[in-house]
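I opened a new structure today and kept notes as I went. Here is what I looked up, entry by entry.

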Amino acid sequence: MKTAIFLNSGRKTERTVSADKIICADGGFDICPAKPDYIVGDCDSVHNIPEDVKVYRHDPRKNFTDGEAAVYLAKEIGSNEAIFYGVTGGRCDHVLGNIDIMALADYLGMTARAEENDCDIHFVHADEGTPFTLAVGKGRTVSIIPHGGDALVTDSRGLEYPLQNLTLTSHDSRGVSNVTSDDEFSIRVVKGAVLVFVNR
């Protein structure tokens with residue numbers, strides 16, 4: 001099941017939303033272009049909630065974010081794919097926390113990607129068997145950034161600057177601003193995890 005999760009970035013999404021269920025993390029309701037199935041959070045920044053939307057309300061004095069609670073709810077209702085909106089565009093500390101929320105979705109067994117107004121972000125963990133493949137068109141700017149430590153990419157296809165047996169480290173910018181040389185590109189991550197940014 002595909003679930004859209006709206007986070008509170010403060011800017012409305014310009015993307016078309018296609019999902020089986022929609023969860024808004026508190027103020028994510030304000031950027032959501034469709035009626036959600038659930039709202040989760042302490043409800044300190046959301047207003048005019050429709051009466052027939054299920055609300056999971058938390059105490060504001062908590063040790064997790066509303067976005068994190070939304071991810072756990074997505075898992076609880078049987079989601080295997082999480083599409084995030086509102087990951088970027090808000091406070092810088094929230095952006096970093098939202099990236100970690102994408103990692104949480106991956107950890108819980110869901111594929112995780114963000115559809116932002118200016119880019120797509122895919123969370124890709126190590127998988128020795130299957131390369132990560134995307135068809136985005138030739139000439140697109142793609143950045144591959146390690147998450148949570150070093151990441152080893154053993155093979156790539158369809159990129160102007162190949163990644164062959166390359167360790168991407170958390171203290172350099174080696175994977176930033178690659179370019180697709182074909183309509184489709186792929187990478188094989190065999191250690192760690194990466195964020196794949198595709199600029200629109």
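**Entry 1: Ser186**

I began with Ser186, which sits in strand β12, residues 184–199. The model is a predicted one, and I keep that in mind throughout. Is Ser186 buried or exposed? Ser186 has a relative accessible area of 11%. The cut-off for buried is under 20%, so Ser186 counts as buried.

Next I asked which residues Ser186 touches, leaving out those up to four places away in sequence. I found Pro131, Phe132 and Thr133, and also Asp155, Ser156 and Arg157.

**Entry 2: Asp155 and Arg157**

Two of those contacts made me look again. Asp155 and Arg157 form a salt bridge, with the closest N and O atoms 2.4 Å apart. Side chains of opposite charge can pair when their charged atoms come close. I checked how open each partner is. Asp155 is buried, at 18% relative accessible area. Arg157 is partly exposed, at 49%. I also noted a network: Glu81, Arg113 and Glu115 are joined by salt bridges that share partners.

**Entry 3: The other salt bridges**

How many salt bridges does a search of the whole structure find? The search gives seven. I wrote down two more of them.

One is Lys35 with Asp52, where the closest N and O atoms are 2.4 Å apart. This pair links distant parts of the chain, 17 residues apart. Lys35 is in the loop between β2 (21–25) and β3 (38–41). Asp52 is in the loop between β3 and β4 (54–57). Lys35 is partly exposed, with 48% relative accessible area, while Asp52 is exposed, with 59%.

Another joins the side chains of Asp93 and Arg91, at 2.5 Å from N to O. Asp93 counts as partly exposed, at 44% relative accessibility.

**Entry 4: Helix α1**

I moved to helix α1, residues 66–76. Which of its residues are buried? I listed Asp66, Gly67, Ala69, Ala70, Val71, Leu73 and Ala74. These buried residues pack against β1 (2–6), β2, β3 and β4. They also pack against β5 (81–85) and α2 (92–107). After α1 comes Gly78, with a positive phi near 95°.

I then followed Val71. Leaving out residues up to four places away in sequence, Val71 touches Ile5, Phe84, Ile101, Leu104, Ala105, Leu108 and Met110.

**Entry 5: The nonpolar cores**

Val71 turned up again in the largest nonpolar core, which has 29 residues. Val71 is among those with the most contacts inside this core, along with Ile5, Phe84, Val87, Met102 and Ile121. Which elements each supply at least two residues of this core? They are β2, β3, α1, β5, α2, β6 (111–115), β7 (119–125) and β12. The largest share, six residues, comes from α2.

**Entry 6: Strand β2**

Why is β2 largely enclosed by the rest of the structure? Four of its five residues are buried, so the strand is largely enclosed. I looked at its pairing next. β1 and β2 pair in the parallel sense over four bridges. There, Ala4 has Ile22 in β2 as its bridge partner. β2 and β3 also pair in the parallel sense, over three bridges. Here Ala25 has Val40 in β3 as its bridge partner.

**Entry 7: Two positive phi values**

I checked for positive phi in residues other than glycine. Asp26 has one, near 50°. Asp26 lies in the loop between β2 and β3. Its relative accessible area is 1%, so Asp26 is buried. Asn165 also has a positive phi, near 50°. Asn165 lies in the loop between β9 (141–157) and β10 (166–168). At 60% relative accessibility, Asn165 counts as exposed.

**Entry 8: The cavity**

The structure holds one cavity of 30 Å³ or more. The largest cavity has a volume of about 60 Å³. Which residues line the largest cavity? I noted Ser9, Arg11, Lys12, Thr13 and Ile31. Tyr85, Gly86, Glu115, Glu116 and Asn117 line it too. Glu115 was already in my notes, as part of the network with Glu81 and Arg113.

Notes
Residues numbered from 1 in each chain as written. Predicted model: local features only at pLDDT ≥ 70, side-chain atom pairs only at ≥ 80, totals over all residues. Heavy atoms only, no water. Salt bridge = Lys/Arg side-chain N within 4 Å of Asp/Glu carboxyl O. Buried < 20%, exposed > 50% of the residue type's maximum accessible area, 1.4 Å probe, protein only. Contact = heavy atoms within 4.5 Å. Core = buried A, V, L, I, M, F, W, Y, C linked by side-chain atoms within 4.5 Å. Pairing = 2+ DSSP bridges. 1 Å grid on protein atoms, 1.4 Å probe; cavity = no way out; pocket = protein on both sides within 12 Å on 5 of 7 lines; lining within 4 Å. Points joined across faces, edges and corners; volume = space filled by probe spheres on them.
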